Amino acid sequence: KVCIPFKAAMSSARPNKKRRVAEKKAEESNNMAKGSANLAIDGQALVQFVDPDGRNAGPELDVPLGTSKEQLGTLLNKLLENSEEMPYSFHLEDTEIVSNLATSFGKLAAGSQSTERILKITYFPLAVFRVRPVTRCTSSLSGHIEAVLCVAFSPDSTKLASGSGDSTVRMWDLNTELPKHTCKGHQNWVLAVAWSPDGSKLASAGMDKVVLVWCAQSGKNLVTLKGHTQPVTCACWQPLHVATGFPQLATSSKDAAVRLWDTVGGVCLLSLTSHTSPVMQVRWSGERAETGGVIYSAGRDCVIKVWNPNDGLMMNELKGHGHWINTLALNTDYVIRSGPYSHEDRKFKDLDEKREAAKARYAEALELCGGERLLSGSDDFTLFLWRPLSSKTPVCRMTGHQKIVNQVAFSPDGRWFASASFDKSVRLWDGRTGRYVHAFRGHVGDVYQLAWSADSRLLVSASKDSTVKCWNIGSRKLQEDLPGHADEVFAVDWSLDGTRVATGSKDRLLKIWRH
C-alpha cells in the first residue's frame with residue numbers, strides 16, 4: 001500500500017517529453033554558449049577568402065575566432081578594394097556563417113576543427129538592393145472567363161500579360177492595375193505567353209497550333225505564324241545581345257519540331273526536326289554570339305538537343321533522363337528575359353542602345369554565376385545539371401523528389417536553383433555544384449510553378465492547394481503564406497523591379513500581390 005503514492009509521486013515528478021526535449025536543448029545551447037565564450041577569449045584562426053570559383057582573394061589572414069559576419073564583410077571589402085561597401089554572404093566548408101566564425105567553426109567535422117590549418121571562407125556577392133516580401137493582395141483582376149494558364153511581366157515591369165483557357169490574351173496596365181487590351185485571335189487554350197526582350201512585342205501560343213505576335217503598345221495582332229501541326233508548348237525569344245536585327249522567336253510543339261520565326265516578316269526561317277516525341281521546352285542561350293546564340297530543346301523523348309540557330313544543325317545531344325523532360329532552365333534566363341532593363345528606371349532611344357545595355361548586363365551576369373549552366377527536371381523525379389557547351393556528361397544528378405518535377409528555376413544571380421514537384425515540396429539546391437540545400441514544406445497540394453525575386457533572397461511558389469507561398473532563402477523559412485484564390489493556382493511571376501507578384505488561377509482571376 002505504501003508503494004502506490006510513492007510511485008505516483010515518481011510519475012508526477014518526471015516531466016513529459018516536450019519539457020525534457022526543451023530542457024535538453026537549453027542545456028546544449030548553454031554549453032555551446034560557454035564554449036563559444038571561451039573561444040571568444042582566446043583563439044585565432046588562419047583564414048583565406050576564396051571566390052565561388054575557388055580563386056583566392058588577398059593573402060591569408062590571422063583573425064580572432066570571435067570575428068562576426070559584419071567584420072568579415074568589412075575585411076573582404078577592404079581586400080577587394082571596393083569603392084563602396086558591398087554585401088556578401090560567407091560559407092565555411094558547407095555551413096553558412098550566420099553570426100560569427102566560432103559558431104561555424106564549432107560545426108565543422110571533428111577532424112577539421114584545427115586552428116593550425118588554413119580555413120577557406122567562400123564568399124558570395126549579394127544583390128545591393130533588396131526586394132520586400134509580398135504580403136497582401138492589392139487587386140484581383142477579373143475578365144478571363146476560363147482558367148488563367150500563364151502570366152508574364154514585361155521586361156520593363158510596366159505591363160502584365162496573361163493567357164487563358166478562354167482563348168484570349170489580356171494585357172494589364174500595372175500603374176492602375178486595370179485591363180489595357182484584350183487580344184482575340186486564338187481558337188483554343190493559350191498555353192504560353194512570352195515578351196520580346198526589348199518589351200515591344202508579345203508572343204502567344206497554344207492548343208490551336210498557331211503563334212500570334214501582338215504589339216505591346218496597341219494590343220493589335222502584328223503577325224500570325226502558321227506551320228506547326230500540333231499544339232505549341234513553349235515560346236522563347238532570341239536574347240537581344242546576340243540578335244542581328246530584331247530578335248527571332250523559337251517555338252516548340254507536340255509535332256516534335258522546334259521552329260524559328262522572323263516576327264517582322266512573319267515567316268518560318270528554320271524547322272529543327274530530329275526529336276521523336278513532343279517537344280515540351282525550348283531555351284535560347286546567349287552564348288556563342290557569332291552564331292546568334294544556342295538553342296536547347298527537350299521533351300518526351302528524354303533527350304536534350306543543342307542546336308545552332310544559324311544553319312539549324314544539331315550540335316549535341318544530352319542523355320541521362322529516364323522519362324519525359326518537363327522543364328529546362330538556364331542560370332542566365334533572368335538576364336536574357338529582362339534584356340536591357342534592370343530594377344533601375346532607364347530610358348533608351350532605340351534598339352541598338354538597348355542591345356548594348358543588354359550585352360553589358362549579360363556579360364556581368366555570366367561573370368557572377370561563373371559560366372552558363374543548364375538544368376533539366378523530369379518525370380523520373382530527378383534533375384540534371386549540365387555545362388552543355390563544354391561536356392556531354394552532366395555536372396550532377398540530383399535525386400530527392402518523390403514525384404515528378406514540374407518546374408525548375410535558377411535564382412537571378414545563379415547561386416541557387418529551386419525545383420517544384422508534385423510531392424508538395426519545393427527544394428533548394430546549390431547553383432554551381434547541384435548540392436542539396438533544403439526542402440521547403442508547407443504546401444498541401446502539387447506545386448506547379450516558381451518565381452524568384454530580383455535580389456535572389458526570396459522565392460514564391462504556386463500550388464494546387466490554392467495558396468501562394470513566399471519563402472525566405474536566407475532563413476530557409478516560410479516568409480508569407482498568401483491564401484486568396486478559390487481554386488488551383490497555375491501560374492506565377494515576379495516582376496523584374498521586385499514590386500509585384502502576379503498569380504493566375506483556375507478561379508479565372510489574376511491576383512496582384514505587393515508589400
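**Entry 1: helix H3.** I began with helix H3, residues 69-79, where Leu-72, Gly-73, Leu-76 and Asn-77 come out as buried. Looking down the axis of H3, I found these buried residues within an arc of 135°, so they line one face of the helix. Next I checked the partners, and the buried residues of H3 pack against strand S1 (44-50), strand S3 (88-92) and S5. I also noted that Glu-81, which follows H3, has a positive phi near 55°. All of this is read from a predicted model.

**Entry 2: helix H6.** Does the span of H6 agree or disagree with its residue count? At 1.5 Å a residue, its 19 residues should span 27 Å, and I get 26 Å between the end C-alpha atoms, which agrees. I then listed the buried residues of H6: Lys-354, Arg-355, Ala-357, Ala-358, Tyr-362, Ala-365, Leu-366 and Cys-369. They cover an arc of only 165° around the axis, which puts them on the same side of H6. The face turned away from that buried side carries Glu-356, Glu-364 and Glu-367, which are exposed. The buried residues of H6 pack against H5. Just after H6, I see Gly-370 with a positive phi of about 70°.

**Entry 3: the second largest pocket.** I put about 1000 Å³ of space down for the second largest pocket. It is lined by 35 residues, and Ala-127, Glu-364, Ala-365, Leu-368 and Asp-413 are the closest to its centre. Strand S5 (118-125), helix H5 (333-338) and helix H6 (351-369) are the elements that give two or more residues to this lining. Which element gives the largest share of the lining? H6 does, with six residues. By class, I have 20 nonpolar, four polar and 11 charged residues in the lining of this pocket.

**Entry 4: two cavities.** I looked for cavities of 30 Å³ or more and the structure holds two. S5 and H6 each supply at least two of the lining residues. I sorted the lining of the largest cavity into five nonpolar, no polar and three charged residues.

The second largest cavity has about 40 Å³ of space. Pro-239, Leu-240, His-241, Val-335, Ile-336, Gly-339, Ala-358 and Tyr-362 line this cavity, and the elements giving two or more residues to the lining are H5 and H6. This lining divides into six nonpolar, two polar and no charged residues.

**Entry 5: two loop residues.** Gly-414 sits in the loop between strand S27 (405-410) and strand S28 (416-421). Is Gly-414 buried or exposed? Its relative accessible area is 1%, so I count Gly-414 as buried. Leaving aside neighbours within four places in sequence, I find Gly-414 in contact with Asn-331, Cys-369 and Gly-431.

Ser-475 is in the loop between strand S33 (468-472) and strand S34 (477-482). I get 38% relative accessibility for Ser-475, so it counts as partly exposed.

Notes. Residues numbered from 1 in each chain as written. Predicted model: local features only at pLDDT ≥ 70, side-chain atom pairs only at ≥ 80, totals over all residues. Heavy atoms only, no water. 1 Å grid on protein atoms, 1.4 Å probe; cavity = no way out; pocket = protein on both sides within 12 Å on 5 of 7 lines; lining within 4 Å. Points joined across faces, edges and corners; volume = space filled by probe spheres on them. Helix = DSSP H or I, 4+ residues; strand = E, 2+ residues; numbered from the N terminus. Nonpolar A, V, L, I, M, F, W, Y, C, P; charged D, E, K, R; others polar. Expected span 1.5 Å × (residues − 1). Buried < 20%, exposed > 50% of the residue type's maximum accessible area, 1.4 Å probe, protein only. Arc of directions from axis to C-beta. Contact = heavy atoms within 4.5 Å.
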